[in-house]
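Here is a brisk report on local packing and side-chain contacts. Please read it alongside the model.

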Amino acid sequence: KGSIIMLIATDAPLDARQLRRLAGRAGVGLARTGSVYGHGSGDIALAFSTAQTLPHLADTASPALHFSCLHDNLLDPLFYAVADSTEQAILNALFAAEGGKGRDGHQRRSLIDLLETLATMEHA
């Protein structure tokens with residue numbers, strides 16, 4: 001068991017509720033890699049949008065803020081994108097990771113090291 005933090009950034013105009021729904025879809029991408037949420041794991045998914053800008057307090061000409069957000073019926077492509085990109089990001093991280101040695105001689109091999117070992121054994 002371990003922990004993972006998944007960050008989802010979009011420029012789609014979404015409100016807080018829609019962003020929460022988007023963050024929930026990151027678990028789909030995590031599950032596609034074979035992982036599951038478990039007791040004691042610190043899995044976190046956060047989503048944010050860069051679509052809205054808020055004026056500085058001194059720049060406010062109006063006491064009300066106006067913003068737009070996508071209709072919920074249009075969110076499905078974003079849900080698919082979050083699942084796909086989360087899965088791809090996890091796989092990229094796993095294959096980019098390097099092996100290392102830890103305390104008391106404990107060794108963790110990278111996936112690339114393991115694949116090379118398997119390939120060598122296969123040709124022997």
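The cover over the buried residues of α1 includes β1 (5-10), α2 (26-32), β2 (44-49) and α3 (76-96). Contact here means heavy atoms within 4.5 Å. Helices (H or I, at least four residues) and strands (E, at least two) are DSSP runs, numbered from the N terminus.

This is a predicted model: local features need pLDDT of at least 70, side-chain atom pairs count only at pLDDT 80 or more, and totals for chains, interfaces and linings use all residues. Residues are numbered from 1 along each chain as its sequence is written, and side-chain values use heavy atoms, with hydrogens and water left out.

Helix α1 spans residues 16-24, and its buried residues are Gln18, Leu19, Leu22 and Ala23. They lie on the same side of α1, because they cover an arc of only 145° around the axis. That arc is taken from the directions from the helix axis to the C-beta atoms. Buried means under 20% relative accessible area (1.4 Å probe, protein chains only).

Ser110 sits in the loop between β4 (107-108) and α4 (111-123). Ser110 is buried, at 7% relative accessible area. Ser110 touches Ala97, Glu98 and Gly99, leaving aside residues up to four places away in sequence.

| Side chain | Backbone nitrogen | Distance |
|---|---|---|
| Ser110 | Asp113 | 3.1 Å |
| Asp15 (oxygen) | Arg17 | within 3.2 Å |

How values were computed:
Buried < 20%, exposed > 50% of the residue type's maximum accessible area, 1.4 Å probe, protein only. Polar contact = N/O pair within 3.5 Å; in protein donor to acceptor, adjacent residues only side chain to side chain.
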